[in-house]
Amino acid sequence: MNSINNPESVTDGSVAGLLAWSDLAEQFDRLRHATLRELFAGDPSRVESMTYDVAGIHADLSKHRIDGQALAALIELAEQRDLRARIEEMFTGARINTTEDRAVLHTALRIPRGESLIVDGVDVAAQVHGVLDQMATFADRVRSDEWRGSTGKPIRAVVNIGIGGSDLGPVMAYRALRHLSKRELQFRFVSNIDGTDIVEATRDLDPAETLFIVSSKTFTTQETMTNAQSARSWLLSGLGSQADVAKHFVAVSTNADAVRAFGIDPSNMFGFWDWVGGRYSMDSAIGLSLMLAVGPDAFEDMLAGFHAVDEHFRYADLDGNLPVLMGLLGVWYRDFFNYQTQVVLPYEQYLDRFPAYLQQLTMESNGKSVTHDGTAVGVDTGAIWWGEPGTNGQHSFYQLLHQGTTVSPADFIMFVQPVNDIGDHHDKLIANVLAQANVLAFGRDADEVRSAGTREQLVAHKVMPGNRPSATLMLDRLTPYALGSLIALYEHVVFTQGVIWGVDSFDQWGVELGKTMAGQLLPALVADDVPDLSGFDASTARLAMRYRQLRGR
């Protein structure tokens, strides 16, 4: 639906002014007290009509607190927000990151070889495959022991140094696919500026067999470069020569001068582009550590999973478009039910860092309070995302999910085939995920509790209210392709919600002010003379002075 020809379509300002928003409010009033038991009983075809198969993901959305009429209203909201046109703008390189005047082309990172995408006269697909080829050549050299350290020893440990998307993506993907990794290689990941992180990552390594990947687009990120300098000092203390740096450090960056000044050969610099945001970059050169672990072929399979979901998101009708539907359901819960969190529950130990990865992807993207044009967004945005792998979470926070006063919609992720098939472990795992989704949805009322022989004084304690929404995503096996498809699914969920709310999902100004102030405070903390802290509030100034005193300054 073209916004020029549709007077009800707006791309800026508060979404609350749309007719579809008013219609959704009416739908909410109609459904707010409806239970999932009633919704299932009233629609025998509910499961069939709310199940979708996309790129190897079998998604059952039937346990959501919505019916076909309200879902149609959500689709109309997407139409009035001109979602289809916004999707096409992203895929074709329009500068939809308006506050930074940048295109948003992480989808170009997984365009198949041989295809092209011309943006501003440049074939970005050709550039992407040029970097992928450079990565593959390097990965093959390291994995085959052709690349050796300065003493002639092969590389046996890889330490990725980054922060944010330069850490969360690589560490999540490595942990997800480490069952496919080259086991002769250890992989460590350093992000925190707390010195403990780099110390523990290098404590038992041999400098002669260690390779560092320093991931910083500008090569100026404070945390990353502080850790990189400490890693460099550690290496030189063990090997002794400045020339050794070039054989033990590579860079993922665009700043060739800074890379060279650090001691890294710019031929071992792997580039990326300003149209790739950090939290969308793990399938770029930022994923070099993953390619070193699993090899170029597996990395390519992962990209194919990304691309399959990209194609679905770009071309599928909105009413059958899985990322769109999941994104709209998130808006439904955040803005009408006032549910403030979203929990992700992967029943796969290898995905233990997936919820943390999604935290940055979703909360840094849509944790915004103004629209593209700078006006107040007018509705709630950006749910808090969290989670842990099952079954661990069942013995941690599921009590709150089932009987607490706070409702958190849940995404269950499960795999039919186990990576490690041991006894009946996997059957028990799957029994648990199916049971938890069932109990969240349908619970157990007082009569059912009594019929189980429960003493009357315990009945209220054992009632499970149910009516707590969830989706179940079932995949065959955790493969590189499956991982790519899952990540792309949530990337496009984020995009859909950002379009609905009218926010820029690709900037992150909220993290900048704290970084700037930290830069202003640091000289005051380390100065030899008593610093002038008059520019800071009384609390900050007093804490800074106490810190100096306790540090003997």
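This is a predicted model: local features need pLDDT of at least 70, side-chain atom pairs count only at pLDDT 80 or more; totals for chains, interfaces and linings use all residues.
Reader: What makes Arg 334 and Asp 380 a salt bridge?

Author: Their side chains meet at 3.8 Å, N to O. The cut-off is a side-chain nitrogen of Lys or Arg within 4 Å of a carboxyl oxygen of Asp or Glu, so the pair of Arg 334 and Asp 380 counts as a salt bridge. The two partners come from distant parts of the chain, 46 residues apart. Arg 334 sits in helix 14, while Asp 380 is in the loop between helix 15 and strand 11.

Reader: And Arg 334, is that one buried or exposed?

Author: Buried: the relative accessible area of Arg 334 is 11%, and buried means under 20%.

Reader: What ties Lys 368 to Asp 507?

Author: Another salt bridge, with the side chains meeting at 2.7 Å, N to O. Lys 368 is in the loop between helix 15 and strand 11, and Asp 507 is in the loop between helix 20 and helix 21, so this pair ties together parts that are 139 residues apart in sequence.

Reader: How do you know whether Lys 368 and Asp 507 are buried or exposed?

Author: Check each value against the limit of under 20% for buried. Lys 368 has 15% relative accessibility, so Lys 368 counts as buried. Asp 507 has a relative accessible area of 5%, so Asp 507 is buried too.

Reader: Where do Lys 515 and Glu 512 lie?

Author: Both lie in helix 21, three residues apart, which is about one turn of the helix. Lys 515 has 46% relative accessibility and counts as partly exposed. Glu 512, with 30%, also counts as partly exposed.

Reader: Which residues do salt bridges with shared partners join into one network?

Author: Those are Arg 110, Asp 283, Asp 310 and Glu 491.

Reader: How many salt bridges does the structure hold?

Author: There are 28.

Reader: Why is Asp 297 called exposed?

Author: Asp 297 has 62% relative accessibility. Exposed means over 50%, so Asp 297 counts as exposed. You'll find Asp 297 in helix 13.

Reader: Which residues gather in the patch of negative charge?

Author: On the surface, Asp 140, Asp 297, Glu 300 and Asp 301 come together. Helix 13 gives the largest share of this negative patch, three residues.

Reader: What makes strand 12 largely enclosed by the rest of the structure?

Author: Count the buried residues: six of the six in strand 12 are buried, so the strand is largely enclosed. Ala 410, Phe 412 and Met 414 point one way, while Asp 411, Ile 413 and Phe 415 point the other way. In a regular strand the side chains alternate between the two faces of the sheet.

Reader: How do you know that strand 12 pairs with strand 10?

Author: Pairing takes at least two bridges, and four join strand 10 to strand 12, so the two strands pair. They run parallel, and the bridge partner of Pro 346 is Ile 413 in strand 12.

Reader: What joins strand 12 to strand 13?

Author: Six bridges do, and those strands run parallel. Asp 411 stands opposite Ala 471 in strand 13.

Definitions and conventions:
Residues are numbered from 1 along each chain as its sequence is written. Side-chain values use heavy atoms; hydrogens and water are left out. Patches are made of residues with over 30% relative accessible area and no salt bridge: like charges are joined within 9 Å, nonpolar side chains (Val, Leu, Ile, Met, Phe, Trp, Tyr) within 5 Å. Accessible areas come from the Shrake-Rupley method with a 1.4 Å probe; for residues, only the protein chains shown count as cover. Lys and Arg count as positive and Asp and Glu as negative; His and the chain ends are not counted. The place of a charge is taken as NZ of Lys, CZ of Arg, CG of Asp or CD of Glu. Buried means under 20% relative accessible area, exposed over 50%, partly exposed in between (1.4 Å probe, protein chains only).
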